[in-house]
Amino acid sequence: MKSSKDIIERVMAIVFLVCGIIAIAAVFAICVYMFISGVPAITQIGITEMLFSSVWEPTAAEPHFGILYIILTSIVGTMMAIIIGVPISVLTAVFLAEIAPKKLAAVVNPAVELLAGIPSVVYGLLGILIIKPLMYRLEMAIFANSPDHQMTGGANLISAVFVLAVMILPTVVNVSRTSMKAVPAHLRSSSYALGATKITTVFRVVIPAAKSGIITSIVLGIGRAIGEAMAITLVAGNAVNLPFPFNSVRFLTTGIVAEMSYSQGLHRQALFTIGLVLFIFIMIINILLSVTLKKAGEAGEE
Amino acid sequence: MSIYEKKKHPFEAVLYGLIYFAGAFAALLLVGIIGYVAVKGIGSINPTFLTTVKSIANGTFGILGYMVNTLYIIIITLLIATPIGIGAAVYLTEYAKGGKLVTIIEFATETLSGIPSIIFGLFGMVFFGQTLGLGFSILCGSLTLTLMILPIIIRTTQEAIKTVPESYRQGALGLGAQKWRIIRTIVVPSALPGIVTAVILAIGRIVGESAALLFTAGSVYLLPQGLFSHLLSSGGTLTIGMYLEMAEGNTDNAFGIALVLVVLVLLINAATKLITGRINKKKGA
């Protein structure tokens, strides 16, 4: 005998299942659509012409769609942001997790959390008004005697890198701090018992023990930096160039933002190919992330 | 070396210095950003700025349209995303007990949270905008953002549901209640503070979002013509408005909007703290 209650139970079980599956469907749909929209330009232009040519002239009479420099800029820019941002972030995490008195940590912690919440356009605005002029001054000082250098007015790779370095800070700090906090106290006590100072303990015991968490935080930081668009669109300069610090450059993300609104036909399809390249980078980072997390989980179980 | 001497790291003093510098840097960064935005932005805030829309004829600038659009997008996105997110969390914690599907759903959620907003923007533009024919509209933007905030809602709700004591469920089960009834009357109400936190976090994400909305909701700054017809018309949010002002070099207007955004972020953060503080207090009691 089936009462209406049983039917409701059945229906609700299915409703909840469907809700769960929506996340899978979304990822699947995004994958499929990124490929569907990104591949036509590749087949039309040719994969080598697109990926290994450096000339990007989508609106010329004889258009060229080489995105090599754009890809290189995203890779180099992200790496530079990580090199600048990660040491400061990890040290901040050490400060918060190990060194700072509780009361001080209680002030700095929410500050870092707030940094994560500030919209990326706000970082972009500050980049334009603070970092750009500073870098322009530096640029003028460095290249005062080299007429070959094309002045960028501060809108260049290094300015964008500083903005990115600041933007990855909250992510890296929070995840590293949590993993350092999770290091069992007996490891620290043992280290102290052997006569080690606090600093030795932090650098020889806590950081190695929290290694997987710190690596996770760096991978998350890479993901954040490579995917950021709006904050750096107006500070990177937006000319397609080799990624040298004082060159005006275009990232994968900023290329899309800058041209999507007026692009048509093959040009628009090529922009979707840029999106596809970015998406593939992100998926690689995601897979790296789940591998490191899995490894960390296994190490924790041992 | 005497055993009474501590084993010092060779660069002990330098490292201490660097660590304190880094901590101070992070704190000063926030103070600097908020201070700078406040000082630069406060001059732009006036009644015209807050209560009108940009008027080329009068040469005035205002953000009311952007504010209304932001509110629209927050409400519509939450109306769609919250039930789905809670549903998924309930499925993961109450129905599925381990198994492959759970791993796949969790991997999918993980992946979604790692996708940058510009990719959501491209996908939303093609799928919701072109395939489903929504074009540039509030609804298109909201659907796109739904996918983006789903992971936050699922994960935060999941954590909240996990803290509901098993004895509650056992008690209800003992009284003869079935699963759906237990979920409806015990699990979800007990996890409500956690769910509210999830919603507030999601609001924070929506308020700060720009890249995913540029190609989906568009950038129109006007006030809505009709309450419901507005869903299908284009509307820019505060962040989009700010970006456009930045791009045109109107930094004063941009700083005004930045100040409004920062205040919103501060409020959202305070609200989250308040609620999680209450939850922890309850747990302690």
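This is a predicted model: local features need pLDDT of at least 70, side-chain atom pairs count only at pLDDT 80 or more; totals for chains, interfaces and linings use all residues.
1. **Make-up of chain A.** If you're getting your bearings, chain A has 12 helices and 2 strands.

2. **Extent and packing of chain A.** Along the principal axes, the C-alpha atoms of chain A fill a box of roughly 75 × 70 × 30 Å. Of the 302 residues in this chain, 53% are buried. Take the contacts in chain A between residues at least 6 apart in sequence: 70% of them join residues at least 24 apart.

3. **Surface of chain A.** Chain A exposes about 13,200 Å², and carbon and sulfur atoms supply 68% of that. Keep that percentage in mind for the interface, where carbon and sulfur atoms give 82% of the area buried between chain B and chain A.

4. **How much the chains share.** The area buried between chain B and chain A is about 6,900 Å². In terms of residues, 76 from chain B are in contact with 77 from chain A. On the chain B side, Ile19(B), Trp180(B) and Tyr243(B) lose the most area to chain A, yet together they account for 9% of what that side buries.

5. Lys273(B) forms a salt bridge with Glu113(A), and the closest N and O atoms are 2.9 Å apart.

6. **What chain B brings.** Helix α1 of chain B (residues 12-42) gives the most to the side that touches chain A, with 16 residues. By type, the residues on that side of chain B split into 54 nonpolar, 14 polar and 8 charged.

7. **A closer look at Thr70(B).** This residue lies in helix α3 of chain B, residues 64-95. Why does Thr70(B) count as buried? Its relative accessible area is 4%, so Thr70(B) falls under the 20% cut-off. A polar atom of the Thr70(B) side chain lies 2.7 Å from the backbone oxygen of Tyr66(B). Leaving out residues up to four places away in sequence, Thr70(B) touches Thr237(B) and Leu238(B).

Notes
Residues are numbered from 1 along each chain as its sequence is written. Chains are lettered from A and ligands numbered from 1 in the order in which they are written. Side-chain values use heavy atoms; hydrogens and water are left out. Contact means heavy atoms within 4.5 Å. Buried area is the accessible area (1.4 Å probe) that two parts lose on being put together, summed over both. A salt bridge is a side-chain nitrogen of Lys or Arg within 4 Å of a carboxyl oxygen of Asp or Glu. Helices (H or I, at least four residues) and strands (E, at least two) are DSSP runs, numbered from the N terminus. Ala, Val, Leu, Ile, Met, Phe, Trp, Tyr, Cys and Pro count as nonpolar, Asp, Glu, Lys and Arg as charged, and the others, Gly among them, as polar. Buried means under 20% relative accessible area, exposed over 50%, partly exposed in between (1.4 Å probe, protein chains only). Accessible areas come from the Shrake-Rupley method with a 1.4 Å probe; for residues, only the protein chains shown count as cover. A polar contact is a pair of N or O atoms within 3.5 Å; within protein, one must be able to donate a hydrogen and the other to accept it, and residues adjacent in sequence count only if both atoms are side-chain atoms.
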